[in-house]
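Let's take a walk through a protein model together. Have the sequence and the 3D view ready, and we'll go step by step.

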Amino acid sequence: MNQPQPRRRSGLYLRAAVGGVLAALAGLAAGGVAAAVLGTSQTPVVAIGSAFIDRVPPWLKDLAISLFGTHDKTALKTGILIVLLALAAVGGILAVRRYWAGAAVVVILAGVAVIAATTRPDAGQTGFVPSFVAGITALIILRLFSQRLSGLLKFPDDGVSRRGFLQLSAGVALGSVAVAALGNVVGGRRSAVTDARAALKLPLPPSLNPPAGVQAAGATPWATPNADFYRIDTALSVPLIKPADWKLRIHGMVEREIELTFDDLLKRNVVHKWVTLTCVSNEVGGDLIGNALWSGVLLKDLLTEAGPSSDADAIQSTSKDGFTAGTPLSTLLDDRESMLAFAMNGQPLPVEHGFPVRIVVPGLYGYVSATKWLTDIEVTRFDQFQAYWTPRGWSELGPIKLSSRIDVPRSKASAGSVTVAGVAWDQHVGVSKVEVRVDGGPWQQATLATDASIDTWRQWHWNWDAPRGNHVLQVRAFDAKGNPQIESQAAPAPNGSTGLHSVDIKVG
Ligand SMILES: Nc1nc2c(c(=O)[nH]1)N[C@H]1C(S)=C(S)[C@@H](COP(=O)(O)O)O[C@H]1N2
Ligand SMILES: [Mo]
């Protein structure tokens, strides 16, 4: 058996290092595309970098800023990239003899990025995906390199293996460049939309302050900031629409079709209204609910102008990505001020919340009303169509159910005086009373904060003289007509959960 010569071996290890670096670059390119498609900023390097920034001691941060000035972020990213590629080169070398040893390096690096991404507060549910995609891609490419190179390890003079290595390197390098370019195109479309969003001048509400008295002691903020607002939709990548390209057609069973541009919309009479949105999928005690100040144009005005036919009973609204909702015409024509919203808490709608225009209907779950990235409204009849969720096992009609939630305490408290607080909601009906009980004892009346309107949630609080031990707190609400909340447990499907929210509290 011929042992490879040292010179040849060093050539081999150089090739192996190049293979490791190329595998990492291919992974980063694929991760970049995944991030662009998902509309997340969490590329593997950004994920690691952001987690790093949160953890570096202040003196190091200050040093970096004084060394690199406003380029400190670029310097950090470059530094992370250099370290990643150096480790990937080591992985490439290890993989020549034992693929799993090189693979372990890739798994650790990708794992660090995945963990970094999941611990970011701004990463959302998909923030880890780019790092995961990057890891899988790098593992596959590394495998291809290790196969070629272990061939060369056995037969150092084998021209076919050498050419194979060169071809693979060239292919991976070109492929990575092409994939990275694709990521840039997709990412560029998003930044064009975010730039257009930042440049918008909108008719905004006179004040963003919540009405006086609506915030109860200790409870969740009455007004939900945009960044904390729950997000639910079927969009794997966020539809990107520039206001200048947005058009809405209102058609179907109407006397006059209406076509509106974004400018047309802004020229109309604008209203500002606090409305609490809720998702039908919200479990008892869940957080798929948020309260915001919406600005927009009343659907009642637009629909009246279009002149719905007297036998129409619904609209089917359609989003850019094909999602549809079916909403009773009556809820758009009555006095509840259903609207085409273009602003949320005084800002243009965030891209994730439907930019540039969505529907907001007080009193209905989102799946039957709150179409984001709205492009089309057809006036029709419920017996003429099925909206997106209807054939998937959810009810055609989705009025929000009376519900209440305990926000504090959630698990622990110190013995003595404890503020128990939370929210209760029954949009477009209103909440009249909230009661709390301890360990199944008698119901006790909570104090309600001021009611801003029947279309928003209402805060409550109750002072508990908490004895040591394990206790169960329960809450129930009553609607404006005095009806109590449904106590029997029901799952969210097909039209909203019921049951009382209970929390186990350890009082120490
Ligand atoms: N285009 C589109 N709009 C949509 C949905 C969707 O999947 N696609 N989901 C609806 C559902 S189920 C809810 S609860 C609300 C959530 O709105 P938010 O993400 O702004 O909180 O949007 C609604 N609008
Ligand atoms: Mo929803």
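Before we look at any strands, here's the rule for pairing: two strands pair if DSSP finds at least two bridges between them. The helices and strands themselves are DSSP runs, numbered from the N terminus, with at least four residues (H or I) for a helix and at least two (E) for a strand.

A bit of housekeeping: this is a predicted model, where local features need pLDDT of at least 70 and side-chain atom pairs count only at pLDDT 80 or more, while totals for chains, interfaces and linings use all residues. Residues are numbered from 1 along each chain as its sequence is written, chains are lettered from A and ligands numbered from 1 in the order in which they are written, and side-chain values use heavy atoms, with hydrogens and water left out.

Now find strand E7, residues 339–344. Strand E4 (residues 289–298) is joined to E7 by five bridges, and the two run antiparallel.

How many residues of E7 are buried? Six of the six are, so the strand is largely enclosed by the rest of the structure. Buried here means under 20% relative accessible area (1.4 Å probe, protein chains only).

Next, hop over to helix H5, residues 99–118. Its 20 residues reach 28 Å from first C-alpha to last, close to the 28 Å expected at 1.5 Å a residue (the expected span is 1.5 Å times one less than the number of residues). Its buried residues include Ala101, Val105, Leu109 and Ala113.

Finally, on to ligand 1. It is surrounded by 18 residues, with Tyr230, Thr234, His353, Arg358 and Lys372 the closest; a residue counts if one of its heavy atoms lies within 4 Å. What about polar contacts, meaning pairs of N or O atoms within 3.5 Å? A polar side-chain atom of Lys372 is 2.5 Å from a ligand 1 oxygen, and a polar backbone atom of Ile232 is 3.0 Å from an oxygen of ligand 1. A side-chain N or O atom of Ser319 lies 3.1 Å from a ligand 1 nitrogen.

Technical notes: A polar contact is a pair of N or O atoms within 3.5 Å; within protein, one must be able to donate a hydrogen and the other to accept it, and residues adjacent in sequence count only if both atoms are side-chain atoms. Buried means under 20% relative accessible area, exposed over 50%, partly exposed in between (1.4 Å probe, protein chains only).
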